Amino acid sequence: MKSDKKPGFSTISIHAGQEPDPSTGAVTVPIFATSTYVQQELGKNKGYEYARVSNPTRTRLENNLAALEGGVASRVFASGMAAITAMCTMLRAGDHIICSHNVYGGVPRLFNQILAHYGLEFSYVDTTDAGAVEKAIRRNTKFAYVETPTNPLMAVSDIAAIARVCHRRDVELVVDNTFMSPYFQRPLALGADMVVHSTTKFLNGHSDGLGGVIICTTAEQAEKLAFVQKSTGAILSPFECWLVLRGVKTLAVRMEQHDKNGRAVAAFLNQHRKVEKVYYPGLPGHAQHELAKRQMSGFGSMINLETGSLKNAKRMLAKVRICSLGESLGGVETLISHPATMTHAALGEKGRKAIGITDGLVRISVGIEDVDDILDDLDQALDNI
Ligand SMILES: Cc1ncc(COP(=O)(O)O)c(C=O)c1O
């Protein structure tokens, strides 16, 4: 290999920040289970003073995730919501955020029911239309917060077009890249200023820990967020950092299999007589299929299907065996859920109706089991409708 050749994605995911431990040679990053560090003398230490401020396991994960997204640094938090909260604490009362109108339900819950009480202002727009973002920009707008594809309806927004609109007006674009992971979508390369993930999902990949991250493009953002970590304290524990480091090593192979299974399940559901509609960006009938092909290098494994009614959704969900009924997504196992009563219950009936989340909608996070087993399970469950 020529020495100036940039390493590939899997090499970065396995090696960036994951150098063998200098004191023991351990190939796997140790879990530094410590709350504090002995100092050599007053004002002299080895770069670590107190674990809320920094921890070597966390530093390794932050370096790894920054490298995967192509950022200058990253900061990890106790959950995806803790990361989004941290992002908002970079602002001041009176500042305005534009948010995709169809996002994970916990985001508008945080914005409307908590942060609005502290003087932050929010507008919700259909970010599949970059012109709608432009129209919503005000004098006090600081961030545009875009989830693409969206949870749950899989609407795809044009990151490069929105970045252009935002930058003309000095607004920073933050993209939630949870559904695609850096393996299939690189928002910073398309002009975004920060990337958010719930690491709970594909980055961890094994449904065994919560976490969140913000990847930065400037040292100033990274410094502000390090200050937020130190001051507010919702940092990711060393053990959970280690779980994510373990997970990202197989991100590429998992995402390839998720994508393969996702395409097969979407095609199967799309021709199933009991299914009224399928939302998956890989299907030619998807409203932003051409953009998805351009912007993402895979379509992933998040799929929504319309069963027609709450009764039908209930009947289907009562019958699944391989697919586990539960919240969350992005793990190796297939998870199936009902957005109206689970992830998006907080929006209320009116809020859900406004963005097209019906009572008959069922969301599937297709895992990496043998795809024929997943298809058989969905088929027999749909037969119960
Ligand atoms: C797209 C997206 N962003 C953020 C979050 C919040 O992450 P967490 O559950 O880790 O707090 C979720 C949770 O489902 C999500 O789906």
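**Figure 1. Strand 1 and its pairing with strand 7.** Strand 1 (residues 73-77) and strand 7 (residues 212-216) run side by side in the antiparallel sense over 5 bridges, where strands are DSSP runs of E with at least two residues and helices are DSSP runs of H or I with at least four residues, both numbered from the N terminus, and where two strands pair if DSSP finds at least two bridges between them. The model is predicted, so local features need pLDDT of at least 70 and side-chain atom pairs count only at pLDDT 80 or more, while totals for chains, interfaces and linings use all residues. Residues are numbered from 1 along each chain as its sequence is written, and side-chain values use heavy atoms, with hydrogens and water left out. Within this pair of strands, Phe 77 has Gly 212 of strand 7 as its bridge partner. Strand 1 is mostly covered, with 5 of its 5 residues buried, a word that stands for under 20% relative accessible area, as against over 50% for exposed and partly exposed in between (1.4 Å probe, protein chains only). In a regular strand the side chains alternate between the two faces of the sheet. Both faces of strand 1 are covered, with Ala 73, Arg 75 and Phe 77 buried on one side and Ser 74 and Val 76 buried on the other.

Figure 2. Strand 2 and strand 3 pair in the parallel sense over 5 bridges, and Cys 99 stands opposite Tyr 124 in strand 3.

Figure 3. A mixed, open sheet is formed by 5 strands in the order 8-9-12-11-10. Its edges are strand 8 (277-279) and strand 10 (324-325), each of which has a single partner strand, so one side of each is left without a neighbour in the sheet. Strand 9 (residues 302-306) pairs with strand 12 (residues 361-365) in the antiparallel sense over 5 bridges, and Leu 305 stands opposite Val 362 in strand 12. Helix 10 (residues 251-270) packs on this sheet by touching strand 8, strand 9 and strand 12, and its direction makes about 10 degrees with that of strand 9.

Figure 4. In helix 9 (residues 238-248), the buried residues are Cys 241, Leu 243, Val 244, Leu 245, Gly 247 and Val 248, and their cover includes helix 1 (9-15), helix 2 (56-69), strand 1 and helix 10. Gln 18 lies in the loop between helix 1 and helix 2 and is buried, with a relative accessible area of 5%. Leaving aside residues up to four places away in sequence, Gln 18 touches Ser 13, Val 27, Val 29, Arg 60, Asn 64, Leu 245, Val 248 and Lys 249.

Figure 5. The structure holds 0 disulfides, a disulfide being a pair of cysteine sulfur atoms within 2.5 Å. Cys 166 is in no disulfide, and the nearest cysteine sulfur, that of Cys 99, is 12 Å away. For Cys 216, the closest cysteine sulfur is in Cys 88, at 14 Å, which is too far for a bond. Cys 166 counts as buried at 0% relative accessibility, and Cys 216 counts as buried at 0% relative accessibility as well.

Conventions. Contact = heavy atoms within 4.5 Å. Axes fitted to C-alpha atoms, helices over the stretch in contact; angles between N-to-C directions.
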